[in-house]
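Here is a short tour of a protein model for you to follow alongside the sequence and the 3D view. Keep both open as you read.

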Amino acid sequence: MITLAPRRPLLQTGHCVISDYDWRWVEQILQDAARQAGTTLPCSAEIAQGIMLYLEQECPLQTVPLEYLFERMRRLLAEIGLPLVAAHLRKQTPPVDIKLDTLAGEAPLPLFFYTALRRRMDSLRNLGLTTYHFSGKKRCSLTLGARRRSCPTQQRALAELDAFLSATGA
């Protein structure tokens with residue numbers, strides 16, 4: 001069996017080009033806009049899949065500026081009778097995965113780890129990437145707490161990590 005990768009255009013924001021996105025990201029953006037508008041959007045999955053279908057099969061561009069995609073999404077929402085949701089749609093990039101456990105392996109002391117994490121997030125922000133997904137939090141807290149299994153020290157390191165991530169707006 002041969003599986004072909006979907007032919008969807010790259011998204012461009014600033015100097016960064018993004019290829020890893022799917023309909024779940026679009027659906028999350030639509031749900032966030034509906035929440036901001038104070039309404040519900042029961043058909044968000046269908047709208048998101050329709051947008052992805054357009055991008056994969058009908059879009060003539062190989063690279064789509066993120067601003068252009070969001071403007072087209074706003075027009076679509078307004079045309080299907082959701083102008084309030086369209087007004088609250090805000091541009092955001094697909095989430096970038098930051099592997100905390102790998103970063104902790106490179107900088108196992110908390111002072112160096114948090115400095116490296118802030119530097120990584122700042123460099124991503126400078127590229128125009130503002131949405132993050134953090135993976136490996138538990139293994140990271142084990143490394144930072146210098147532990148092999150869960151204990152109060154590891155739980156404290158995990159709480160510090162969560163506090164840092166929420167303080168940085170991630």
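## A buried glutamine

Gln154 has a relative accessibility of 1%, so this residue counts as buried (under 20% relative accessible area; over 50% is exposed and anything in between partly exposed, with a 1.4 Å probe and protein chains only). Gln154 belongs to helix H8, which spans residues 152-167. Helices here are DSSP runs of H or I with at least four residues, strands are runs of E with at least two, and both are numbered from the N terminus.

Which residues is Gln154 in contact with, leaving aside its neighbours within four places in sequence? They are Lys138, Ser141, Leu142, Arg147 and Arg149, where contact means heavy atoms within 4.5 Å.

## About the model

This is a predicted model, in which local features need pLDDT of at least 70 and side-chain atom pairs count only at pLDDT 80 or more, while totals for chains, interfaces and linings use all residues. Residues are numbered from 1 along each chain as its sequence is written, and side-chain values use heavy atoms, with hydrogens and water left out.

## Cysteines

A search of the whole structure turns up zero disulfides (a disulfide being a pair of cysteine sulfur atoms within 2.5 Å). Cys59 is in no disulfide, and its nearest cysteine sulfur, on Cys16, is 18 Å away. With 3% relative accessibility, Cys59 counts as buried.

Cys140 is in no disulfide either; the nearest cysteine sulfur belongs to Cys151, 14 Å away. Cys140 is also buried, at 0% relative accessibility.

## The nonpolar core

The largest nonpolar core has 46 residues, and the members that touch the most others are Trp25, Leu30, Leu100, Phe113 and Leu117. Such a core is a set of buried Ala, Val, Leu, Ile, Met, Phe, Trp, Tyr and Cys residues joined through side-chain atoms within 4.5 Å.

Take Leu30 as an example: not counting residues up to four places away in sequence, Leu30 touches Leu41, Ser44, Ile47, Ala48, Met73, Leu77, Val85 and Leu89.

## A three-stranded sheet

Three strands make an open sheet with mixed pairing, in the order S2-S1-S3. Strands S2 (16-18) and S3 (63-65) are the edges, each pairing on one side only. Strands pair if DSSP finds at least two bridges between them; S1 (residues 10-13) and S2 do so in the antiparallel sense over three bridges. Leu11 has Ile18 in S2 as its bridge partner.

Helix H3 (residues 66-79) lies across S1 and S3, at about 70° to S3. Axes are lines fitted to C-alpha atoms, for helices over the stretch in contact, and angles run from 0 to 180 degrees between N-to-C directions.
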